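Student: I've got a model open and I'd like to talk through its side chains with you. Can we go through them one at a time?

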Amino acid sequence: AVQLLRHSGMIAFISSNKWFLAGYGKDLRQHIAKECRLISITDFGELPVFRSAATWAMIFVGQKAPTASQSPMFTQVRSLDPPYPDLLSIIRHNGIRLSTDAIDGSHWSLIEAVSLKHVRTFEHSGVLLRDYIEGEVYSGIKTGLNEAFWIDAERRRQLIAEDKTSADIIKPLARGDEIRKWHIEESGLY
């Protein structure tokens with residue numbers, strides 16, 4: 001779509017929000033940052049915007065006019081209650097103006113300027129997790145036979161009652177959908 005635009009042409013699209021967060025969206029973010037002036041990003045997070053589609057939606061608005069500094073509006077929609085679907089009202093009341101350095105090639109920091117300043121301070125003064133753990137990140141169990149590896153709370157209690165050392169090796173199960181920004185929702189599985 002960006003390639004089809006003439007200079008100063010506008011683009012607005014609705015898509016999954018994963019491309020501006022995930023590693024696989026790196027090249028697309030880089031391309032858009034280079035070719036477009038970002039005007040607005042409206043992120044619906046995990047809200048069910050479309051009844052028939054299981055996707056996490058966002059609306060992107062840009063203009064084919066590359067610029068060195070960009071200060072787009074970012075809005076995190078937290079509810080589909082009124083004033084939704086009046087997005088203009090939601091953007092006016094809840095939108096934040098991003099810092100001019102929030103969009104840096106493929107690295108997009110979709111947070112307010114003060115928070116971005118703190119994040120940048122932490123990045124430059126702290127130890128990265130991958131350095132702290134010496135690159136040893138584990139992905140857990142990968143199996144097609146979950147029943148063989150996953151147990152419920154009752155079975156966990158039984159195993160620990162039989163052998164107390166089981167408490168050291170039976171860990172809570174956290175699947176992708178249960179992992180949130182600052183916490184893990186309990187699944188009741190181990």
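Tutor: Helices here are DSSP runs of H or I with at least four residues, strands are runs of E with at least two, and both are numbered from the N terminus. Before we go on: this is a predicted model, where local features need pLDDT of at least 70, side-chain atom pairs count only at pLDDT 80 or more, and totals for chains, interfaces and linings use all residues. Residues are numbered from 1 along each chain as its sequence is written, and side-chain values use heavy atoms, with hydrogens and water left out.

Student: What is the N to O distance in the salt bridge between Arg-157 and Glu-154?

Tutor: A salt bridge takes a side-chain nitrogen of Lys or Arg within 4 Å of a carboxyl oxygen of Asp or Glu. By that rule the count is one salt bridge. The side chains of Arg-157 and Glu-154 meet in a salt bridge, N to O, at 3.1 Å.

Student: Is Glu-154 buried or exposed, or in between?

Tutor: Buried means under 20% relative accessible area, exposed means over 50%, and partly exposed is in between (1.4 Å probe, protein chains only). Glu-154 has a relative accessible area of 41%, so the label is partly exposed.

Student: Which side chain does Asp-163 make a polar contact with?

Tutor: Asp-163 is in the loop between α5 (153-162) and α6 (166-169), and its 37% relative accessibility makes it partly exposed. A polar contact is a pair of N or O atoms within 3.5 Å; within protein, one must be able to donate a hydrogen and the other to accept it, and residues adjacent in sequence count only if both atoms are side-chain atoms. At 2.7 Å, the partner of the Asp-163 side chain is the side chain of Thr-165.

Student: Arg-29 is buried, so which side chain of opposite charge is nearest?

Tutor: Arg-29 is in helix α1 (residues 26-35). Lys and Arg count as positive and Asp and Glu as negative, while His and the chain ends are not counted. Arg-29 has no salt bridge, and the nearest side chain of opposite charge, 8.2 Å away, is Asp-27.

Student: Then which backbone oxygen lies 2.6 Å from a polar atom of the Arg-29 side chain?

Tutor: The backbone oxygen of Ala-22 lies 2.8 Å from a polar atom of that side chain. Contact means heavy atoms within 4.5 Å, and, leaving aside neighbours within four places in sequence, Arg-29 is in contact with residues including Trp-19, Phe-20 and Trp-108. The backbone oxygen at 2.6 Å belongs to Ser-106.

Student: Moving to the rings, how are Phe-13 and Trp-19 arranged: stacked, edge-to-face or tilted?

Tutor: Rings of Phe, Tyr and Trp (its six-membered ring) pair if their centres lie within 6.5 Å; planes under 30 degrees apart count as stacked, over 60 as edge-to-face and the rest as tilted. The count by this rule is six aromatic pairs. With centres 6.2 Å apart and planes at 35 degrees, Phe-13 and Trp-19 are tilted.

Student: And what is the angle between the planes of Phe-44 and Tyr-84?

Tutor: This pair links distant parts of the chain, 40 residues apart: Phe-44 is in the loop between β2 (37-43) and β3 (57-63), and Tyr-84 in the loop between β4 (73-76) and α2 (87-94). Phe-44 is buried at 3% relative accessible area, whereas Tyr-84 is partly exposed at 23%. The pair is edge-to-face, 6.1 Å centre to centre, and the planes are at 80 degrees.

Student: Where are the cis peptide bonds around Tyr-84, and what is omega for the one from Tyr-84 to Pro-85?

Tutor: Most peptide bonds are trans. The bond from Pro-82 to Pro-83 is cis, with omega near 20 degrees, and Pro-83 is in the loop between β4 and α2. Pro-85 is in the loop between β4 and α2 as well. The bond from Tyr-84 to Pro-85 is cis, with omega near 15 degrees.

Student: Last one: what is the phi of Ser-8?

Tutor: Most residues other than glycine have a negative phi. Ser-8 is in the segment before β1 (10-16) and is partly exposed, with a relative accessible area of 37%. Although Ser-8 is not a glycine, its phi is positive, at about 75 degrees.
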